Amino acid sequence: MAVPGMTAAIPELTPADRNCVFLIDGLGWEQLKAHPGEAPFMTSLLAASRGGTGRPITAGYPATTATSLASVGTGLPPGAHGLPGYTVRNPDTGELMNQLRWQPWTPPRPWQPYPTVFELAHRAGVHAAQVSSPTFANTPLTKVALSGGTFLGRLSGEERMDTAAEQLAAADRALVYTYYAEVDGAGHRFGVDSDTWRGQLMYVDRLVQRLAEQLPPRSALYVTADHGMIDVPFDEDHRIDFDEDWELKAGVALLGGEGRARHVYAVPGAANDVLTCWREVLGEQFWVASRDEAIEAGWFGPAVDERVYHRIGDVVAAARDDVLLIASEREPRESAMVGNHGSMTPAEQLVPLLEVRS
């Protein structure tokens, strides 16, 4: 869209005057491909994914909502925007900070100082709008990841699709973002193999078609996601409980991240011992790296800003298999989830970039 300060990161895409991004929370590439009957319209668009290549794109690491929304909204990897996990340590306070719920409250702009793509587009004369649940209108995550232009709160999915189409048509050049959360919610509560999840997929497929049929001229609709999801069985082989494992707890001051993408903060002087122990205990079930090893390997992008460096765990652990590292006492709600995500497996990291043009 010729917005100063932005470059085209996905060269296969053809420019359009009006662009709409519809992000379906939790709809991974592999889950979509596995359910053609529930999602006939999106399935018909699979060949058009990623500019007609028929290929997916990838979420960053960790494959989790706060991290991915910040990447979508800023065009930056986690090492730059600074939301490298579900919960991370705030180096200024020493406390764990939940970056999805923004608890405890932290000043948003120092935490994520870069402008969003919507702010840059708005400054360049592009009509920018976000259409989402009214609940998200003033949240800190919205401020740091998706602010700029006009926020329009709409309760139902149908209202969001209709409003997104109206906003696309409101100017010669427009950038519109809209969002639907309940595919992810159904997956967490009931699993991606549940009837409830399939029902949500059927519903959101109709929403995508509803929006596609209303596109004004010279528009491109891109349907994507922030991560995929896998179901993890409820047994000791698949759910390792940190709160009941004295070896994993030894030398650990704070446990961050989530079950499939952990940030581990060691007590002073214990980082090497914790790294050694975690590698021995978790074996081949997790990729386990020191902070510097993970950064060097590019887990958080090509570079990590200085302000972000100590938000990353002294040890970083990402699940290879269908396993979770839960914390039943300190994270009871998260530990009870059926569907989970966060790591670097294809089921979690591959997401669609479906395209409809008018």
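Helices (H or I, at least four residues) and strands (E, at least two) are DSSP runs, numbered from the N terminus. The model described here is predicted: local features need pLDDT of at least 70, side-chain atom pairs count only at pLDDT 80 or more, and totals for chains, interfaces and linings use all residues. Residues are numbered from 1 along each chain as its sequence is written, and side-chain values use heavy atoms, with hydrogens and water left out.

Two strands count as paired if DSSP finds at least two bridges between them. Strand 1 runs parallel to strand 7 (residues 174-180), and seven bridges join the two; Asn19 stands opposite Leu175 of strand 7. Strand 1 also runs parallel to strand 8 (residues 219-224), here with six bridges, and Val21 has Tyr222 of strand 8 as its bridge partner. A residue is called buried under 20% relative accessible area, exposed over 50%, and partly exposed in between (1.4 Å probe, protein chains only). Six of the seven residues of strand 1 are buried, so the strand is largely enclosed by the rest of the structure.

Helix 10 (residues 182-190) packs against this strand. Its buried residues are Val183, Asp184, Gly185, Ala186, Gly187 and His188. These buried residues of helix 10 pack against strand 1, strand 7, helix 11 and strand 16 (339-340), where contact means heavy atoms within 4.5 Å. Just after helix 10, Gly191 has a positive phi of about 95°.

Two packed helices are described by the angle between their axes and the distance between the axes. Axes are lines fitted to C-alpha atoms, for helices over the stretch in contact, and angles run from 0 to 180 degrees between N-to-C directions. Angles under 35 degrees count as roughly parallel, over 145 as roughly antiparallel, 65 to 115 as roughly perpendicular and the rest as oblique. The axes of helix 10 and helix 11 (residues 195-212) are 8 Å apart, at an angle of about 175°, and the two helices are therefore roughly antiparallel. On the helix 10 side, Glu182, Val183, Ala186, Gly187 and Phe190 meet Thr196, Trp197, Gln200 and Val204 of helix 11.

Helix 11 also packs with helix 9 (residues 157-168): their axes come within 9 Å and cross at roughly 20°. Helix 9 and helix 11 are therefore roughly parallel to each other. Gly157, Glu158, Met161, Asp162, Ala164 and Ala165 of helix 9 meet Tyr203, Leu207, Arg210 and Leu211 of helix 11.

A further sheet is open and has four strands in the order 11-12-14-13, with antiparallel pairing. Strand 11 (252-258) and strand 13 (286-290) stand at its edges, each with a single partner strand, so one side of each is left without a neighbour in the sheet. From one strand to the next, the twist averages 20°. Six bridges join strand 11 to strand 12 (residues 261-266), and Glu258 stands opposite Ala261 in strand 12. Helix 13 (residues 271-282) lies across strand 11, strand 12, strand 13 and strand 14 (315-319), and runs at about 170° to strand 13.

Glu306 is exposed, with a relative accessible area of 75%.
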